[in-house]
Amino acid sequence: MPIFLERRQLVTPGDLIAEGDYIAGENTYMENNKIYASRVGIVEYETKKMDVVALKSFYVPRMEDIVIGTITEVGFSGWTVDINSPYPALLRASDVLSRPFRPQKDDLSPVLDVGDLVVAKIVSYDRTHDPQLTVAEPGLGKITRGQILKVTPTKIPRVIGRKGSMISTIKQETGCNIILGVNGVVLITGKTLEDEQLAMMAILKIEEESHTSGLTDRITKMLKEAKTGKEEKKNE
Amino acid sequence: MAAVITKVKQKQIAQLIDNGKRLDGRELTEYREIKIEQGIIEKAEGSARVLLGKTEVVVGVKIETGEPFSDTPNEGVLTVNVELVPLASPGFEPGPPDESSIELARIVDRGIRESKAIDTGKLCVVPGKKVFVVFVDVYVLNHDGNLIDASALAAMAALLNAKMGKYEVEDGEVKMKSGYEPLPLRKHPITVTCAKISDKLVVDPWLEEEQVMDARISIAFDDDENICAIQKGGSGYFEPKQVFEAARVAKEKSRELRKKLNW
Amino acid sequence: MNDKPEKLIDKKGLRLDGRKLDELRPVKLQVGVISNADGSAYIEHGKNKILVGVYGPREVHPKHLALPDRAVVKCRYHMAPFSVQERKSPAPSRREIELSKVIRESLEPAIFMEYYPRTMIDIFIEVLQADGGTRCASITAAALALADSGIPMRDLVVACAAGKVEDKIVLDLMDTEDKVGSADVPVALMPNLNAVTLLQMDGTLSTDEFESAVNLALEGCKQIYALQKEALRIKYVNVKEENKEEAEE
């Protein structure tokens, strides 16, 4: 029973990857015992499971995911949050306010207003309703400073790197704190704007070149060069 | 659109067709009962009413004078319009024509125009300035499936029924004489629609079959059995061999339908 | 005003633009040309110049149009006023409305609409210059724009027309051939699944001629499909080569 393509080969939707006793993994589908690609990307497989690492995709909510979102609407009993997904998310007032909540009397905008950023967790989602968020856990809540960056969600694992090696390198070289939302939104908080922008550049470069090899070395090189450039400037 | 069809019924229809049968007892290539009446609207130059099963369509033909198109200065003009009248279906709403009624109008138009059914050369009054304009207005009064075939058939029957007053041209003006003559027709195009359900082709889908079908294909034939118009519709697809099979089936059925127009 | 040409096919069997009967016009494709759109593509097919932008899946507006079990696909085929010889009014014509519908129906079979209930996918097609075969070129570009947006698809969709000109079945009619010829058959295909998703015809053809025309159009589709894949591949290759150069420095 054949696999028709090699690992790391580029596929487009409809390309036949394998036929027979295999499992249709990420970004593939099965019809009549044949596995086809459903997105543009690179073929990867271990023994039986055929995957395509997609060049571009978008975030579909899943329970328990940690996401970074922007408040887009203040309602009577909660907020609408843009989580960089086809579906808007809801954050209930009762989740945020520690005291009992009275919709007629309480105005929610002092708590969270349009344009505010939150780190939240998805607590409820299925095909019939929009995802619901919670911020009632440690590490979640309103974001007060930092830069926001949007990255194609499939690239987030590459940004993290093997055992977190890539993301640690960036954090170390730029001195920034970085939160990676599963929904492709990245929060970067550093000591200076330059540090934050350097981290952003590094992450964007990873997104563009994620399918190439030797990336970790190039990123490290880029970050070190930028740092020496900065020090030279300081010494002038 | 129309009332939601239950999943149970959807499955039933699909399974029956898989076994070569239809819910209303018809063969896969059988049309519903067809009734054609002509001349039902006296104020129109031509008219017809078609009942295809429970689908009901009335077509009125009006013939007036107007300007020709610049690229055909000596030929009459054909224009087809379709109204999906709100009372015909819970899914039809009042308002300007939507994409479904525009598509239907253009399908009916194509069958008549491409087969050169109307001898437009004989509709010239003053070359380059004045010609006869044939308005074909299709009124769908009840939608129970296959509006395409019903509308095309009614349009053809109305054109066959259409009469123009005899006239002569004096100083670039049309002067009516006494008597009538039929609208000059050369061909009688017939359109046959097949739906794809359970990978099989089904002729003349009725409303519930349309809600289950993957796609439809409508093929118009002229009297010499040449194809003069085709339109695939629906969000599904056909394999190339199914397209050719549909053409074969449609050709056969078009003979049956054409016979119904002559009497 | 344009005069009708004397002959569309000369004694050597060549057409007005020098092509053979079964030869395609030149096709150029580019992916990812509109940064604001989720996906986009640009096609030049002969003198046709068409731009397609895709937005979605995103929230449905107005809300009551949302479907509970799948995404709603909306398609707008529109011609720029300067795209044709005689200026065309920007208001949508009946032809544009019909084409918007059939183009949408040619792409829907390829999209996994059921993965994204209660969302909307918008396909915007702008014809900047038209020279016959715009609906086919639009479909070819729209499929690329959809793939570029990351919306999962069963297959790409590619389209091409064939027809009859002076008793010969020919591939890929340009505008003059379409106007003066005796039949035009546009076809859209999902190439890996061998599924025809658009099929129209106007003119007069015997059933045999029709079969030949469809088969010729399908051949044209397969040739254009290779160019579609290439356009998607180029997005990767450019970056790869940049890095190779950097590494060699």
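Me: Before we start, what puts two residues in contact here?
Reply: Two residues are in contact if their C-beta atoms, placed from the backbone, lie within 7 Å. Keep in mind that this is a predicted model.

Me: Which strand of chain B pairs with S9(C)?
Reply: Strand S12 of chain B, residues 227–233, pairs with S9(C) in the antiparallel sense over 4 bridges. Within that pairing, Ile227(B) stands opposite Leu205(C).

Me: Switching to the inside: how many residues does the largest nonpolar core have?
Reply: That core has 164 residues, and those with the most contacts inside it include Val59(B), Val138(B), Ala142(C) and Val187(C). Helix H3 of chain B, residues 147–161, gives the largest share, 11 residues. There's also a second, separate core of 38 residues, with Val67(A) and Ile71(A) among them.

Me: What does Ala142(C) touch?
Reply: Leaving out residues up to four places away in sequence, Ala142(C) touches Val52(C), Ile103(C), Leu107(C), Ile123(C) and Ile125(C).

Me: New topic, helix H3 of chain A. Which of its residues are buried?
Reply: Met166(A), Ile167(A), Ile170(A) and Thr174(A) are the buried ones in this helix, which covers residues 165–174. Looking down the axis of H3(A), its buried residues fall within an arc of 95 degrees, so they line one face of the helix.

Me: Why would a helix do that?
Reply: An α-helix has 3.6 residues a turn, so residues three or four places apart point the same way.

Me: What's on the other side of H3(A)?
Reply: Ser165(A) and Gln172(A) are exposed there. Just after the helix, Gly175(A) takes a positive phi of about 70 degrees.

Me: Last one: what order do the strands take in the open sheet of chain A?
Reply: The order is S2-S5-S4, three strands with antiparallel pairing. S2 and S4 stand at the edges with a single partner strand each, so one side of each is left without a neighbour in the sheet. The twist averages 25 degrees from one strand to the next. S4(A) is joined to S5(A) by 4 bridges, and Tyr29(A) stands opposite Tyr36(A).

Key. Residues are numbered from 1 along each chain as its sequence is written. Chains are lettered from A and ligands numbered from 1 in the order in which they are written. This is a predicted model: local features need pLDDT of at least 70, side-chain atom pairs count only at pLDDT 80 or more; totals for chains, interfaces and linings use all residues. A nonpolar core is a set of buried Ala, Val, Leu, Ile, Met, Phe, Trp, Tyr and Cys residues joined through C-beta atoms within 7 Å. A residue is buried if 20 or more other C-beta atoms lie within 10 Å of its own, exposed if 12 or fewer, and partly exposed in between; C-beta atoms are placed from the backbone. Helices (H or I, at least four residues) and strands (E, at least two) are DSSP runs, numbered from the N terminus. The arc is that of the directions from the helix axis to the C-beta atoms. Two strands pair if DSSP finds at least two bridges between them. Axes are lines fitted to C-alpha atoms, for helices over the stretch in contact, and angles run from 0 to 180 degrees between N-to-C directions.
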